[in-house]
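Reader: I have a new structure open and would like to go through it. Can you take my questions as they come?
Author: Go ahead.

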Amino acid sequence: MHSSTRVILPAAFEVAEIDDLALLIANMLERLIAHNDKIPLLPESLTRFHSRTVPNISVLDYLRRIIKWTKVEKSCLLLTLHYVDQICARMPLFTLSSLTCHRFIIASITVCSKGLCDSFCTNALYARVGGIPVPELNILEREFLHAIDWRLMCTREVLQEYYINLIRTDSSGRFGLEGAPESEVEDSDMDSLSSRSASPMDAQVRHRPSFSLLGNRESPSVLGDTSTLPTIEQNMAFAALQHSLKKPP
C-alpha cells in the first residue's frame with residue numbers, strides 16, 4: 001500500500017480515533033476466528049459464550065454498533081484483547097471463534113465498563129445492543145467474571161503494548177504509527193498472528209492458539225505480574241459488584 005493512502009496513528013492509544021481502534025481490533029479478531037474455526041468443536045469445549053448459529057453481523061459492525069450506542073471507552077476496547085489472553089490461559093479448551101466472539105465481546109464490554117468506568121449503561125441497554133436477552137447477559141457477565149478470576153485491571157503500559165501490536169500486525173497494511181519508520185512494519189509482522197497459531201493438527205492436544213495477542217511475550221496475567229493486580233480500593237469496588245451480581249434477578 002502506498003504511503004499516501006496510509007493512516008498514521010498517534011503514538012498513544014488514548015488519542016487515536018475510536019473507529020481506527022475498532023478497525024484494528026476487528027482485523028485481529030477476524031484473523032483469530034478464521035484460524036480457530038478450523039479447529040473441530042468438541043462437546044467438552046462448549047461454553048456459555050457459544051451461539052447456536054453464527055451471528056449475521058461482522059465483528060467490525062458489531063464493535064461499531066457497541067461504540068455508537070454505549071459510548072464505550074477506548075481502554076475497554078483494548079482490554080477485550082487482554083481478557084482474551086487471560087481466559088485462554090485459564091481455560092485451555094476455550095477458543096474465540098465465529099460462535100463465541102460476539103457474546104464474548106458484549107460480555108467483556110459490559111463487565112469492563114461497569115467495573116472500571118465512571119459512566120456506564122444498564123444491562124438492558126447492553127443486552128439490546130448486543131442482541132441477546134437481559135437474563136442471558138446477566139449469566140454471561142457472571143461466567144465472564146469467574147473466567148478471568150475478577151481480574152479486570154491491567155496497566156496502561158499493557159494496553160499501549162496491545163495498541164502497538166495491533167498496528168504492527170494489521171493485515172490490511174493501512175495503518176502506520178506516528179514516529180515509526182516505514183520499514184518497522186514488515187510483511188512478517190502482518191503474518192505473525194497466523195504464524196504463531198497452533199496447527200489445527202494439534203486439536204486433540206490444544207484447542208486454542210499458542211500465542212498471546214500481545215505479541216511474542218506472555219500476558220502479565222499469565223506470568224503473575226503483581227503490578228497488574230487491583231488496589232485495595234478497587235478490590236472493595238469489585239467485591240461490591242460481585243455481591244450485587246450474586247443477588248437473585
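Author: One cut-off before we start: a residue counts as buried under 20% relative accessible area, as exposed over 50%, and as partly exposed in between. Also, this is a predicted model.
Reader: OK. Then where does Glu178 fall, buried, exposed or partly exposed?
Author: Its relative accessibility is 47%, so Glu178 counts as partly exposed.
Reader: Where is Glu178 in the chain?
Author: Glu178 sits in the loop between β2 (175-177) and α8 (187-190).
Reader: And what is Glu178 in contact with, leaving aside its neighbours within four places in sequence?
Author: Glu178 is in contact with Ile8, Leu9, Pro10 and Ala11. Ala11 is 167 residues from Glu178 in sequence, yet their C-alpha atoms are 5.4 Å apart in space.
Reader: Let me step back. How many helices and strands are there?
Author: The chain has 11 helices and 2 strands. Along the sequence they come in the pattern β-α-α-α-α-α-α-α-β-α-α-α-α.
Reader: How much of the chain is buried?
Author: Of the 249 residues, 51% are buried. The accessible surface comes to about 12300 Å², and carbon and sulfur atoms hold 55% of that.
Reader: What share of the contacts join residues at least 24 apart?
Author: The figure is 80%, counted among contacts between residues at least 6 apart in sequence.
Reader: Pick a helix. What about α4, is it enclosed or open?
Author: Helix α4 is largely enclosed by the rest of the structure, because 14 of its 16 residues are buried. It covers residues 101-116, and its end C-alpha atoms are 22 Å apart, which agrees with the 22 Å it should span at 1.5 Å a residue.
Reader: How does the length of α7 come out?
Author: Helix α7 (residues 156-169) has 14 residues and reaches 20 Å from its first C-alpha to its last, close to the 20 Å expected.
Reader: Which residues of α7 are buried?
Author: The buried ones are Val158, Leu159, Gln160, Tyr162, Tyr163, Asn165, Leu166, Ile167 and Thr169.
Reader: Is Asp20 buried or exposed?
Author: Asp20 has a relative accessible area of 12%, so it is buried. Not counting residues up to four places away in sequence, Asp20 touches Val7, Leu9 and Phe175.
Reader: Last topic, the backbone. Which residue has a positive phi although it is not a glycine?
Author: Lys71 is one of them, with a phi of about 55 degrees. Lys71 is in the loop between α2 and α3 (74-90), and at 66% relative accessibility it counts as exposed.
Reader: Where is Asp149, and what is its phi?
Author: Asp149 is in the loop between α6 (134-147) and α7. Phi of Asp149 is near 55 degrees, a positive value in a residue other than glycine.
Reader: Exposed or partly exposed?
Author: Asp149 has 36% relative accessibility, so it counts as partly exposed.
Reader: Thanks, that will do.

How values were computed
Residues are numbered from 1 along each chain as its sequence is written. This is a predicted model: local features need pLDDT of at least 70, side-chain atom pairs count only at pLDDT 80 or more; totals for chains, interfaces and linings use all residues. Side-chain values use heavy atoms; hydrogens and water are left out. Helices (H or I, at least four residues) and strands (E, at least two) are DSSP runs, numbered from the N terminus. Buried means under 20% relative accessible area, exposed over 50%, partly exposed in between (1.4 Å probe, protein chains only). Contact means heavy atoms within 4.5 Å. Accessible areas come from the Shrake-Rupley method with a 1.4 Å probe; for residues, only the protein chains shown count as cover. The expected span of a helix is 1.5 Å times one less than its number of residues.
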